[in-house]
Amino acid sequence: MSEEEGQASRVLIIAGSDSSGGAGIQADIKTVAALGGYAMTAVTALTVQNTTGVFDVVPAPVKAVIAQATACLSDIGADAIKTGMLGSRPLIEAISELLSEQGADRPRIVDPVMVATSGNRLLDLGAVDVLQSLLVPGATLVTPNAPEAEILTGKSVETVDGQRRAAEALLERGAEAALVKGGHIAADPITDVLQTQSGEWLLEMPRIATDNTHGTGCTLASAIATEMAFGRALPQAVEAAQHYLAGAIKASGGWGSGPGPVNHAWRVKRY
């Protein structure tokens, strides 16, 4: 990874807060920092959650979310923008307008967060269509897991061929690239399908025997955004991000009574 002397890559994250620290804004910040970048945030919601479930969601006012993002972009700037939990139609519409005005020249990673690892819904059903029509078109990369890809495209995603069809559909909807993840598909190794307008990559990883997968989607998308902010090409950014995520899963501590969080600091040395 090449980085100018003293210049950290800046990543603006627009997503929800996870009180347990395993997913959402907290996972995003840890990931960006662990990879040497500089994280900024626009918090879209406060969630009351731990590893066993989501107990409450308190949305931030749309104006406040846009004001947070605008304040960061107008002062510090950003080399990449990552969106996560957005939650509602009005917020997605406002974020889409913001990105078209201020984020068009930056890599934009869209993690279409719909359901938490615990199974709790994090996106209103009535907001799926605006996510499809406003955020997918023009996205540098969309990173759905298999269930999210099925909702976004209407395609069955139970095999690698299904992942391919869903990725193709997302490109047809206007995304520059799609990474349809295979962690929810019962197979070993896990295959993630990356498709761009110029080619396809099948990225295989051995399945790690663990339940500590809380926040893996947020972590991967933020790692990709950070690698792209440093200037890596998309396929190499995805591969580097997957390596980081695999290490974080292997180093997880098993905290909590449900699916535990990964260890974002696994590459940080203690002295």
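Analyst: Happy to; here are the terms, each set against its definition. This is a predicted model, where local features need pLDDT of at least 70, side-chain atom pairs count only at pLDDT 80 or more, and totals for chains, interfaces and linings use all residues. Residues are numbered from 1 along each chain as its sequence is written, and side-chain values use heavy atoms, with hydrogens and water left out.

User: Why is α1 called oblique to α7?

Analyst: The axes of α1 (residues 24-34) and α7 (residues 216-229) cross at roughly 40 degrees and come within 9 Å. Angles under 35 degrees count as roughly parallel, over 145 as roughly antiparallel, 65 to 115 as roughly perpendicular and the rest as oblique. Therefore α1 is oblique to α7.

User: Which residues of α1 and α7 meet?

Analyst: Gly24, Ala27, Asp28, Thr31 and Val32 in α1 meet Cys218, Thr219, Ser222, Ala223 and Thr226 in α7, where contact means heavy atoms within 4.5 Å. These residues comprise four nonpolar, five polar and one charged; Gly counts as polar, and Asp as charged.

User: What is the omega of the peptide bond that joins aspartate 188 and proline 189?

Analyst: Omega is about 10 degrees, and the bond is cis. Most peptide bonds are trans. Proline 189 sits in the loop between β7 (177-180) and β8 (190-196).

User: Which residues touch the most other members of the largest nonpolar core?

Analyst: They are Leu12, Ile14, Ile92 and Ile95, in a core of 41 residues. Helix α3 gives the most to this core, with six residues.

Technical notes:
Axes are lines fitted to C-alpha atoms, for helices over the stretch in contact, and angles run from 0 to 180 degrees between N-to-C directions. Helices (H or I, at least four residues) and strands (E, at least two) are DSSP runs, numbered from the N terminus. A nonpolar core is a set of buried Ala, Val, Leu, Ile, Met, Phe, Trp, Tyr and Cys residues joined through side-chain atoms within 4.5 Å. Buried means under 20% relative accessible area, exposed over 50%, partly exposed in between (1.4 Å probe, protein chains only).
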